Amino acid sequence: MESTRNEIGSGLNINSTYTDKFKSNYLAVYMIRPLDRDEVTLNSLLPMILERGTRRYPETLDLKRRLEDLFGANLNISSSRRGERQIIRFSMEWADGRYTGEEGLDREILKMLREVIFDPYLEDGFFSRKYLEQEKKNLITRINNKINDKRTYSINRCIEEMCRGERFSIYPGGYVEDVAKIDEKVLYEHYRKVLLTSQIEIIYTGHDNQMGIEDIIPDELLKRDQVSYVPRETIIDKSQNRNQIIEKMPVTQGKLVLGYRAGIPYEDRLYNGLLLGNEIFGGGPNSILFKNVREKHSLAYYVTSSIVKHKSIILLDAGIEFQNYQKTIDLINRGLEDMLKGNFSDEDMEIAKKSVRTSSESIIDSPQLMSEFTFGKIIANDERSLEEMIRQLEDVTREDIVQAMGKVNLDTIYFMDGLDREVQDENN
Amino acid sequence: MRTIRNENLREEIYHQELENGINLYYFPKKGFTKKYAIFTTNYGSTDNKFVPLEGKEPVELPEGIAHFLEHKLFEEPDEDLFQKFSSQGAYVNAYTNFNQTSYLFYSTDNFYENLQLLVKFVQSPYLTDENVEKEKGIIAQEIQMYQDNPKWVVFFNTLKAMYHRHPVRTDIAGTVESIYRISREDLETAYNTFYNPGNMVLFVVGDLDKDEILRTVESAGKEYPATLEKVQRIVDNEPDEILLKSIEDRMMTSKPLFNIGIKDNELGMSGRDAVKKDITTNIILDMLFTNSSEFYNELYTEGLVDSSFGAYYTGKRTYGHSLIAGQSDNPQEVFRRIMEMFQMPDSYMTEEAFQRIKRKEIGGFLTGFNSIEFIANNLTDLYFQDFLLIDYLDVLNEITFDDITRRFKRHFVEDKSVISIIWPEMQSDNS
């Protein structure tokens, strides 16, 4: 499996990996935007309007049906947060002709993706007002839906409180109050700006069908002169707020989230120590938290910690009984102290290394994961191969882990509490 | 090992029944780094009434027992299984659904050591009164986590409305009350009956050596004093009719959520017939409710549904239903429109739509073969319906438009349809 990277224009690259391992091909186009309050809602709306129609297929139905005809070529457009960047990703996955019995559909699929991204359905030079009004409503619903998943909602609330004043606190799905002022002209002008100024990465994984991936890019984009690159995130190493936020809601189970700052940039040699330290602390079923909070004290079903790489933040969350709030926090604090004292075995370290290695090695079994991995390396300016990354993890020592975890400090606690908590306490 | 090959798919699978009765299948996936094994007993949440292995009288155990047992099998007297698997570079997990309990792991190396460990631990329970008690708090938190999930609640309410007494209407993990009634003895009774080789299957997927797999599993398998050919399960007679036309609840959601359930009465099938019915029904649902359908588009344009709208069918020998799910400010109107459409489906149920959706299904199935999890999980699910996944494409290809119209008339009727709604309960900061 060999990968190539070609610059075909300013801030515009094609990254290809040819392999016959898969039964399908996967092509993704990433556009990199700053995570910014002024454009986050526009970027969230953009995929929704582009999916409605193209010049050749103005009716959404016709577009969807054409894709189904192409053996269900799977078009996906999304916007998401990656550190303090907002990524608009267009992807297409389709079954390879060697298996469907109809070869030669690749060029048509490529053309479809090109049209969806670069040749949208327009009315008088702007997006369709009818489509836009529908999608604005849908976006509002989507944003309001964040309350439906209590666990993710709690994590986002913790980030919001903890990173107040930092770009990372911006909700990547957009803001209801910003939707109203968007019209077909505003959104179209923003779309043009995205095309003309974003760094664009095209990543292909699949059979070498000689289909000319570069044809996906219209000529006008090959000679852009105003591409702006999103700078690397700033990292804060000391906790700012020491907040404790408790919100009461009609829920059955309390959702606890702890946000920590580690302040170790991913470029730093010590970052690998943090990665493994977090794994031992709360990464998986062999972690200190799983063993203590769940297995020993039966307080939670899930208790996990994970690192936000680009911000060097650790987010830990657990679902618990309301009245076990303090007890759980005490156990978590004691677990972190254990890490700092080096109270973990050599075997724990080995296990953490193996765990990270297994998940890294599995990347090459999935076209999507390979694509995301390649993209992750690009935005982190990381030129190491997967093998090199794994090798460097093997070299991490106990001292590295203790030193890295020594930098971890608690910033914000968020707790989604029940409505009738007081009543329960009185009864106890 | 016996070889079963499918030319269209260009894949093959090996099979061997071990001496102790366990069925072993190996699906080679050349060039893949990850290796996966899944060991399953045909025992799920719907099997809590049965005749025990060494008994004559049927017993009924508390709800949630299959899932409880799944948690407890990870307990060993002298070692921490999670740690052991992790130290061999494997990620281990398990899940319980209505019909099966599966134990699985994947790793990139030490595969055979891990395989041996998997086969051994599932076959050696370690249950004490103390460790059974300890698990109750953890499972109670798992149940409460689901109770806060409106999509889960709207789904189970639908089942409660459709079924009178079939156990599919009760939550897979049971209730906080029912799991506190579970004893060590209950778990032992269930284990001895259902974790019997005749009731179990092991699938292995990856770039591996078939002889080495066979040797490993043979050396790890235990001997059984008695092998059950078939477990005697007792399923109370479920009427064809639905129980309730509608069911409503309130939770903290942004918009009303709904599930429309259609109860299936064409039951009792297995093998090719069951799979054909399954695919046929799912094609119909796609023709009617996916985002390329005329009907979806009408509701979408009117703002009655959004992109979260979708449908699927699931069926086993003793139960089956189609589910149409979404969110809407006016779920009753969505229900009314769907019932109206059932009366006059001709403009939506076209041969053109059928051919198109069929092509989409073919592509989707092929793409699924990129994932060893997809392969292993679907192999397992279909195995208990007496069907081998690699023949799936052949069945899909033979479905005709006649099959579609016939099935539509039999299944998609208002009498068998229910609606479940979760209305939003707004959050409040007053306490």
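Reply: Both faces of S11(B) are covered. Leu257(B), Asn259(B), Gly261(B) and Lys263(B) are buried on one side, and Phe258(B), Ile260(B) and Ile262(B) on the other. Buried means 20 or more other C-beta atoms within 10 Å of a residue's own, exposed means 12 or fewer, and partly exposed lies in between, with C-beta atoms placed from the backbone. The model is predicted: local features need pLDDT of at least 70, side-chain atom pairs count only at pLDDT 80 or more, and totals for chains, interfaces and linings use all residues. Residues are numbered from 1 along each chain as its sequence is written, chains are lettered from A and ligands numbered from 1 in the order in which they are written.

S11(B) spans residues 257–263. Seven of its seven residues are buried, so the strand is largely enclosed by the rest of the structure. Strands (E, at least two residues) and helices (H or I, at least four) are DSSP runs numbered from the N terminus.

S11(B) has antiparallel neighbours. Seven bridges join it to S13(B), residues 320–327; there Leu257(B) has Gln327(B) as bridge partner. Six bridges join S11(B) to S14(B), residues 417–424, where Phe258(B) is partnered by Ile421(B). Pairing requires at least two DSSP bridges between two strands.

Now the core. The largest nonpolar core has 216 residues. Such a core is a set of buried Ala, Val, Leu, Ile, Met, Phe, Trp, Tyr and Cys residues joined through C-beta atoms within 7 Å. Leu113(A), Ala37(B), Leu118(B) and Phe203(B) have the most contacts inside it. Helix H9 of chain B (271–289) supplies the largest share, nine residues. Leu113(A) touches Leu27(A), Phe90(A), Met92(A) and Ile216(A), leaving aside residues up to four places away in sequence. Contact means C-beta atoms, placed from the backbone, within 7 Å.

Next, a sheet in chain A. It is open, has six strands in the order S1-S2-S8-S3-S5-S4, and its pairing is mixed. S1 (2–9) and S4 (74–82) of chain A stand at the edges with a single partner each, so one side of each lacks a neighbour in the sheet. Neighbouring strands are turned by 15° against each other on average, direction ignored. Within the sheet, S3(A) (24–34) and S8(A) (199–206) run antiparallel, joined by seven bridges. Leu27(A) stands opposite Tyr204(A) in S8(A). Helix H1 of chain A (37–50) packs on the sheet and touches S3, S4 and S5 (85–95) of chain A. The direction of H1(A) makes about 175° with that of S4(A). Axes are lines fitted to C-alpha atoms, for helices over the stretch in contact, and angles run from 0 to 180 degrees between N-to-C directions. Helix H13 of chain A (367–379) also packs on the sheet, touching S2 (12–18), S3, S4, S5 and S8 of chain A. Its direction makes about 150° with that of S8(A).

Last, the two chains together. 56 residues of chain A are in contact with 49 residues of chain B. Elements giving two or more residues to the chain A side include H2 (60–69), H5 (129–144) and H12 of chain A. H12(A) gives the most, eight residues. The chain A side divides into 19 nonpolar, 19 polar and 18 charged residues. Here Ala, Val, Leu, Ile, Met, Phe, Trp, Tyr, Cys and Pro count as nonpolar, Asp, Glu, Lys and Arg as charged, and the others, Gly among them, as polar.

Technical notes. Contact = placed C-beta atoms within 7 Å.
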